[in-house]
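User: I have a model open and want to go through a few parts of it. Can we start with how far to trust it?

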Amino acid sequence: MEILEAFDATGCAHSAALLAGVDPKTVRRYVAKRDAGEPVDAPVQRPKLIDPFLPKIEELVEQSEGTVRADVLHERLAAMGFTGDERTTRRAVANAKQAWRNGHRRQYRPWITEPGLWLQFDWGHGPVVFGPDGRPRQTLLFCAWLAWSRFRVVLPTWDRKLETLLTCLDTTLRRVGGAPTYALTDNEKTVTVEHIARVPVRHPMIVAAGRHYGLTIHTCVPFDPESKGGSEATVRIAKADLVPTKANLLTGYNSFAELDEACEAFCVKVNNRIHRETARIPAEALVIEQARLHPIPVAPFTAALGETRMVNTDQTIRFGSVRYSTPSGLVGREVWVRADGDELVITANLQAGLTEVARHRLSTPGNPRIDLSHYPDHPQQPDGSPKPPQPKGRSDQEKAFLGLGPGAHSWLIEAAAVGAQRVRSKMTAALELAALVGTGPVDAALGVAAAAGRFAEGDLLAIVTHRANGASIASMVVADDAHSVQPGTSGWATFGARPEGLEEEQ
């Protein structure tokens, strides 16, 4: 700046050089750059050995679409007379590749959202849980979201076939409260059969389903993160919170039902917190978007779900002359069944939409498939033994006695099992004793009596008195030798003794 100021004051390069203490050629160079509109502090570009070969480098980079290797190109330049080292070639090739990428960079436009316009969905690998056959099995996560309100729906599934896709789509539309104009997804075989001249050919069944719900199924442009980024982000966030990893410290899931509950809890959490991009709560934004969603039919699209069956009074359906169990609450209702490989899939139309309610291994006639978890109140244990009775008071006396606590429950069960006499009168005596000494001591004494098998008259009062004197419960439950299963030592009494008959003979 001092050089330029001196030149403006004198108008002569020699005079300005004397004032600034530099060479006149330096003054002329800075003045020429300023007059040409170039930065005066730009570095001076000196000739390089690679300059005559730059057109060839650009030609090869363009020909290879920016993929040519610098070491290969250096060998070709050396054959052409280049005497520089490989490091110089690498710099020149890197600059040429960067210039080529800048000229061929793909343009992206942010996805324009509008209420009631777009629904996006995709699939992701879920955690490993125990399947219907008791073996660990990989699950899948169906992840969908409304592009405007950011309302998410995550559903666990066993597969990603067309029937499962239609079931998840029906459940999603009923959960969001309507259908948008478009549904955007990936180019899978369940949606796009093939591409002809880069035109996707839709699966006829998915087209029929879209016509049933009044929406149009669209697929993403290949390798387009702007159109598919929303659904992929939903999958990534769901997997981060639901799939056990070292980062989230999850311990895994014992059953598919437990995974389903975790997915519902995840949806509640993410749909009721402020979204970082929109600064809105998705659940509240959904109320606004529902005004732009059109209603969906009451009857679901079931053309691909298989055959219909009626659930019998024993909670089973028949398929191929084999009985298969269903969860409770479906007796007398119509369900859809289909064979999926070596499994039978049962789908029902619940309040939330089409839902897969059971999945069994296919069997042969005479070998029914009964899932014991479908009968939680059955009076039989899974191993075949009877369940212990669950006391439930009917009269005021019974309700008052059972209200003493768990010790009263145990006492009644054990007393009934051993055939104790005058049980009702002893229950009345226990209530009278509880009115005198309190509910806690009597309930504890009843538990001790049940464990020790003491149901005679006066046993309860003796136990309460004994505990009142400071005795512990462990000291009152003593194993009785008369009722011990341990074999005694009476058989050893004659060990080593000579038999009597043998002594007389001698």
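User: Where in the protein is confidence lowest, and where is it highest?
Analyst: This is a predicted model, where local features need pLDDT of at least 70, side-chain atom pairs count only at pLDDT 80 or more, and totals for chains, interfaces and linings use all residues. Residues are numbered from 1 along each chain as its sequence is written, and side-chain values use heavy atoms, with hydrogens and water left out. Confidence is lowest in helix 18 (residues 500–505), at a mean of 50, and highest in helix 11 (residues 282–289), at 94. pLDDT is the predictor's confidence in each residue, from 0 to 100. Helices (H or I, at least four residues) and strands (E, at least two) are DSSP runs, numbered from the N terminus.

User: What is the mean pLDDT of the protein?
Analyst: The mean is 85, and 90% of the residues reach 70 or more.

User: Which residues stay under 50?
Analyst: Residues 502–506 do, and the model has two contacts beyond four places in sequence for them. Contact means heavy atoms within 4.5 Å. Where pLDDT is low, the predicted coordinates should not be read in detail.

User: In which sense do strand 4 and strand 7 pair?
Analyst: Strand 4 (residues 182–185) and strand 7 pair in the parallel sense, over four bridges.

User: Which residues make the contact?
Analyst: Helix 15 contributes Pro-441, Val-442, Ala-444, Ala-445, Leu-446, Val-448 and Ala-449, and helix 16 contributes Leu-460, Ile-463, Val-464 and Arg-467.

User: Last one: where is Ala-352?
Analyst: Ala-352 sits in the loop between strand 12 (343–350) and strand 13 (353–361). Leaving out residues up to four places away in sequence, Ala-352 touches Thr-171 and Arg-174. The C-alpha atoms of Ala-352 and Arg-174 are separated by 6.3 Å, with the two residues 178 apart along the chain.

Notes: Two strands pair if DSSP finds at least two bridges between them.
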